Amino acid sequence: MTRDREAYAAPSWPAPPASAGPRGVVVAAVVAAVVGSVMLLAAAVLFALLPGQLSEARDFRAARPCAELGGSAAENGDCLAERPATVLATEARRQGKGHARWVTLDPGRDSEPFRVRLRGERPVWETLAPGDRVTVSSWRGEPVQVVAGDARQDAIDRPGPGAIVRLAVAPALLIVGGAFVRSAFWWNGRRAPGAPAVRAVQVTVPMAATASAVGIAVTAAFTVESLPLVLLATAAGCAALWTASVWLLRRPARGTARGAGSAA
């Protein structure tokens, strides 16, 4: 009878892993703390740079062609200036796992040739050949786009895309870094002798909550493109996911619940 009761009380999922030794717990806590701190520092740097980059991106989107304006806007370069140029050469330079694609242009009129790095290879870069005539669009003195016929291709330094990517990465680093730091304290608390084995749910639930919070932050960044709104959406999502995680983790283990019911 006792054996039957013990068999009924066994958990229905695989047995949880054994509790890590003291040295393993310390190493896990230190690694989590270091990785989390680095992520939080990177997030702080990005958040410090984001207001200026987002403001520049908004100014660029609001810029109008210089031909429609005049006065101080044209003089300061706060409009989109266009000038013709001749292609001198194209180059694809290996960079990491991809390529950096450059085009060397000669604007003529006693001006020095200059280089523009384009974003990707289509639709303009792959069609260019020495001697081709193109139009270069610039803003505040920096090339932002190359036009060949009806095709347009952005320069890598065009304001906007980079700022939005950083707006998505910053809260993601903040969330994941915070999760790592929190796990460091959790591992540190398991150094006490006789600490219970780690249940699978204690790992999977925080991981799923962290991934979901990152998804909310990234989606908000590419949807609203506003730092305050992204932070607000991220905070609301984290609060809801944290509440759900606490509720799930405080539920008794399936085997424990069955055992208690059988004993009654």
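Modeller: Happy to. One term to begin with: helices (H or I, at least four residues) and strands (E, at least two) are DSSP runs, numbered from the N terminus. This is a predicted model, in which local features need pLDDT of at least 70, side-chain atom pairs count only at pLDDT 80 or more, and totals for chains, interfaces and linings use all residues. Residues are numbered from 1 along each chain as its sequence is written, and side-chain values use heavy atoms, with hydrogens and water left out.

Biologist: Good. Where does Leu231 sit, then?

Modeller: Leu231 belongs to helix 6, which covers residues 227-250.

Biologist: And how accessible is Leu231?

Modeller: Its relative accessibility is 36%, so Leu231 counts as partly exposed. The cut-offs are under 20% relative accessible area for buried and over 50% for exposed, with partly exposed in between (1.4 Å probe, protein chains only).

Biologist: Which residues of helix 6 are buried?

Modeller: Those are Leu227, Val230, Thr234, Gly237 and Ser245.

Biologist: What span should helix 6 have?

Modeller: With 24 residues at 1.5 Å a residue, helix 6 should span 34 Å, and its end C-alpha atoms are 34 Å apart, which agrees. The expected span is 1.5 Å times one less than the number of residues.

Biologist: Let me zoom out. How many helices and strands are there in the protein chain?

Modeller: The protein chain has 7 helices and 6 strands. Along the sequence they follow the pattern α-α-α-β-β-β-β-β-β-α-α-α-α. Of the 264 residues, 26% count as buried.

Biologist: In what order do the strands line up in the sheet?

Modeller: The order is 3-2-1-4-5-6, in an open sheet with antiparallel pairing. Strand 3 (114-118) and strand 6 (151-154) stand at the edges with a single partner strand each, so one side of each has no neighbour in the sheet. To count as paired, two strands need at least two bridges found by DSSP.

Biologist: Which strands does strand 4 pair with?

Modeller: Strand 4 (residues 133-139) pairs with strand 1 (residues 80-95) in the antiparallel sense over 7 bridges. Strand 4 also pairs with strand 5 (residues 142-148), again antiparallel, over 5 bridges.

Biologist: Why is strand 4 described as largely enclosed?

Modeller: Because 5 of its 7 residues are buried, strand 4 is largely enclosed by the rest of the structure. Strand 5 is mostly covered too, with 5 of its 7 residues buried.

Biologist: What happens in the turn between strand 4 and strand 5?

Modeller: The two strands form a hairpin with 2 residues between them, and Arg140 in the turn has a positive phi of about 55°. The hairpin of strand 5 and strand 6 also has 2 residues between its strands, and there Gly149 takes a positive phi near 65°. Strand 5 and strand 6 run antiparallel and are joined by 4 bridges, with Gln153 in strand 6 as the bridge partner of Val146.

Biologist: Last topic, helix 4. How long is helix 4?

Modeller: Helix 4 (residues 161-188) has 28 residues and reaches 41 Å from its first C-alpha to its last, close to the 40 Å expected at 1.5 Å a residue. Its buried residues include Ile164, Leu167, Pro171 and Ile175.

Biologist: And Val30, is it buried or partly exposed?

Modeller: Val30 is partly exposed, with a relative accessible area of 46%. You'll find Val30 in helix 2 (residues 22-62).
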